[in-house]
Every structure is written in structure tokens, then in C-alpha cells.
Amino acid sequence: MNSPSASASPASASGMTSAPRQQVAPVDAAPSLPAAQWLVANWQLPAACLSILVIAALDLGQRADFPVASFYVAPVLLALWSQKTQHALYLAYAATVFSVIGFMRGPLGGPHGEEMATRVLSIAMVWLAAALSLQRWRREKTLERAFSDMERRVHDRTHELTRANSSLQTEIADRKGKEELLRQLSGHLMHAQDQERRRIARELHDNSGQTLAAIAVNLSRIENLMPDAPLKMRNLVADTAAMAEQTSREIRTISYLLHPPLLEEAGLLAAIGWLANGFTQRSGIKTEVDAPSEFERLPADIEVTIFRIVQETLTNVARHSGSKTAFIKLTRQPGEIVLEVRDEGTGIPPEKLEKVHGNLSALGVGIAGVWERVRQFGGALEINSNSRGTTVMVVVPLPGEQL
Ligand SMILES: Nc1ncnc2c1ncn2[C@@H]1O[C@H](COP(=O)(O)OP(=O)(O)OP(=O)(O)O)[C@@H](O)[C@H]1O
Ligand SMILES: [Mg+2]
């Protein structure tokens, strides 16, 4: 919105009549008009001047039988019609002067008293017309003042609005910049988190896991090396070996969950299959995977993203849904990957569902993290939930394959 157009329309916008503008504008514009045009627009004034001169000539050189003086009001009325109200005042003065001179030149048309009455009446009419003109002039002035006051206020307000608008624009640009920065930062964080998980997974698997496995093997060997040892002692060694083996297995699982080597080696589908099996074993929730048998490898970062989303949504199914089943559906469509994770549980509580569709950051880290991961790729997240279950649907565009 720029100020010129905003300040040009206040009269109509505010419902104010256009009368003052019509009366004032032509007068201001008059000097710039060519003479003929000006005469057409302001013919009343020359007509009034001409007629007062004719009446004065007849009056002063009075030889008519009728009272010419009573016609002095006509030019004043003509002037009243003209654009400039003060003309009516000048003509009223002129008419009064001519009438008084006419009277002083002596009665011609009748008895002196009658003539005087005619002239007084005529002058009264002239000044009545002039008073009307004056009143109109005052009204015009008041309107003009009100109009210019309103224009000034509209101008000030427009100025204020323009300033507010530009500071708003700056703030929006600032916020957009910050949002972009935040988006980049969370992208970096997520990437760093994945790298860190991979590092910890490798450490756990290659060091702690291997050492524990070696401890378990050694303990078994110790058990075999002392067949004559007391039973209590042999049992203790056997239990410790079993515990070491169990912990080694757990560390292996944790390591794989942190970063499944299958994901890199065999691809997303194999990793999801492995995750679903392990999930079923650990949680008792029957999990089905529906995906095409032929599933091409995807860019590594997209595979990690989808794997993490499946991981988080399955964890949510186990923690919150109370469902006995879970379904994972993976579809590859032209230009995008669609993932759907569905359960038949109690659904997301309504007060949380509101936040899912509004302020995600007010929820846990899980769904917000899913959204953040999807956003990094310009994808979409849709969550539908009711008392019959929850479906999380994610669409991730494939780079270089956009339609
Ligand atoms: N499948 C589901 N069924 C029912 N409720 C769910 C489901 N998934 C999410 N929710 C609800 O949505 C909320 C938000 O989930 P979100 O994963 O963001 O956080 P969280 O699981 O509570 O914590 P975390 O940050 O550890 O993931 C949950 O607290 C839960 O109430
Ligand atoms: Mg969660």
C-alpha cells in the first residue's frame, strides 16, 4: 500500500460526500484552464457583472416607469450561483452603492416615500442573498477544513501504517531467516545424531559386545576345565557365562537398533523386516510389513530417515496405543516414497491430537522429530487417529525424480 493511492480515496472510503471537492477543485484549477474553457465554467460572474452594469445604467439614467432598483438582487443571485461566494458580497456592495446613488439622484418613477421603500426592500433582498452566500461560504470553509483535517489524518495514518507494514515485513523476513537457520540447525543436529548413533553402535558392537562374547566363551571354557570343582562353583560359572552371553546379545541388539548394519548392507526393506521381527519378539505386537518384493535402493540419507521414522512410530505403538497389531506399508510411487504405519489401538488422546495438528513442539520429541526429518526433504506428514487406531503417513520426495 503506498501513500498516494491511500490518501486519494479517503472521501469515498469514509462515505463523505464529494461536494466540497467539486466546489473547491475547479477554482484551484481555473487559472490553468484556457480562457474559453474558464468562461464556460464560470459564466455566472461575467453575466452578473454585465447585468449589474445594465441595471445601474438604467437606474442612474432612470427614465423607465418601473422601479429598476428592485432588479439589483438578480446579479447577486447570479454571483451566488458562481463558484466563488465572495463575488456575491462584492456585487451586493456595488448594488447598494448604485441604489443609494440612484436614490440620491431623485425620485423619478413615483412619490419619494414609495421609491425609498422599494429601494430599502431591494437592498434588503440584495443583502439577504449576500448573507446566504456568506453562510454558504462559511459552510464551505468548515467542510474544507474538515476535509483537509481528514486528509491530514488519513495521511498520518497511512504513514503510520506504511511504517508498521515495513517493520512487519522486516520482522517477517527476520523470522523467515531464523526459521531457515533453525531448520538447517535441526538438520545438522539430526545428521550429527545419526552419526553419533552409528559411532556408538560400532563401539558397542566391536568393543563391549565382542569383549562380553569373549568373556562368555572363556567362562564356558573355565567350566569345562574344572569338571571336579564343586557343583555350586560350576553352576556359578555357568550362570555367569549365560549372563555374559545374554548381555552380549542385548548389546548387539542395542547396537543394531542404534544403527542397523543391514540398512547399509541390504537396504531399507531388509532393515525394516529385521526391525519388525525384533519388535514383535520384544513387544508381542504382531507386526506386518507390506512392501513390493522388488524395492530399489534409495539414497542413504532417505533410507536412514525412513528407518528412523518406522522405529519411532513402532515405539509409539508399543508405548501408547495398546494395540495388538501393527502394519507397515512402504510404497514407491513416481517421484516419492510413501510410508504408512498403522495400529489398531486406542488412538492419540484428543488434547494431544490437537497439538499434533498445531503446535508439535508441545508434544514429545518423537513426532516432532519425525516431522523435522520429513521436512528436511520437503516431504509431508499426516497423522489420522481415532478410537479405532492411529495411522502415520509420510511422503518423502525422491531427489531427481520429482514430476
Ligand atoms: N500410536 C499411537 N497411539 C496412541 N497415542 C499415540 C501414538 N503415537 C503417539 N501417541 C500420543 O502422542 C504423544 C506424542 O508422541 P511423541 O512420540 O511425540 O512423544 P512421546 O512418545 O510421548 O515421547 P518421546 O519424545 O519419547 O517420543 C504421545 O505421548 C502419545 O500420547
Ligand atoms: Mg514417541
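Student: Which polar backbone atom is 2.8 Å from an oxygen atom of ligand 1?

Tutor: A polar contact is a pair of N or O atoms within 3.5 Å; within protein, one must be able to donate a hydrogen and the other to accept it, and residues adjacent in sequence count only if both atoms are side-chain atoms. Here the backbone atom belongs to I367. This is a predicted model: local features need pLDDT of at least 70, side-chain atom pairs count only at pLDDT 80 or more, and totals for chains, interfaces and linings use all residues. Residues are numbered from 1 along each chain as its sequence is written, chains are lettered from A and ligands numbered from 1 in the order in which they are written, and side-chain values use heavy atoms, leaving out hydrogens and water.

Student: What else touches ligand 1, and how much of its area does the protein bury?

Tutor: G366 has a polar backbone atom 3.2 Å from an oxygen of ligand 1, and R319 puts a polar side-chain atom 2.9 Å from a ligand oxygen. Accessible areas come from the Shrake-Rupley method with a 1.4 Å probe, and for residues only the protein chains shown count as cover. Ligand 1 exposes 600 Å² when taken alone, and the protein buries 85% of that.

Student: Which residues come nearest to ligand 1?

Tutor: A residue is near a molecule or strand if one of its heavy atoms lies within 4 Å of it. There are 16 residues around ligand 1, and N316, H320, D343, V365 and I367 come nearest.

Student: Which residues coordinate the magnesium ion?

Tutor: For donors, look for N, O and S atoms within 2.8 Å of the metal (3.2 Å for Na, K and Ca); water is not among the atoms, so sites may look incomplete. In this model E312 (OE) and N316 (OD1) coordinate the magnesium, ligand 2, at 2.1 to 2.2 Å.

Student: Why are E312 and N316 about one helical turn apart?

Tutor: Helices (H or I, at least four residues) and strands (E, at least two) are DSSP runs, numbered from the N terminus. E312 and N316 are separated by about one turn because they sit four residues apart in helix 12.

Student: Is each of them buried or exposed?

Tutor: Buried means under 20% relative accessible area, exposed over 50%, and partly exposed in between (1.4 Å probe, protein chains only). N316 has 18%, so N316 is buried, while E312 has 23% and is partly exposed. For an exposed case, take N224 at 58%, in helix 8 (residues 112–225).

Student: How many residues are in the largest nonpolar core?

Tutor: A nonpolar core is a set of buried Ala, Val, Leu, Ile, Met, Phe, Trp, Tyr and Cys residues joined through side-chain atoms within 4.5 Å. The largest one has 37 residues, and L268, I306 and L339 have the most contacts inside it. Among the elements giving two or more residues to this core are helix 11 (268–283), strand 3 (336–343) and helix 14 (365–376). Helix 12 gives the most, eight residues.

Student: What is I306 in contact with?

Tutor: Contact means heavy atoms within 4.5 Å. Setting aside neighbours within four places in sequence, I306 is in contact with L268, I272, L330, I337 and L339. A second, separate core of 18 residues includes A48, A69, A95 and A130.

Student: Where is E372, and what does it contact?

Tutor: E372 is in helix 14 and counts as buried at 15% relative accessibility. Beyond neighbours within four places in sequence, E372 is in contact with R183, S186 and M190.
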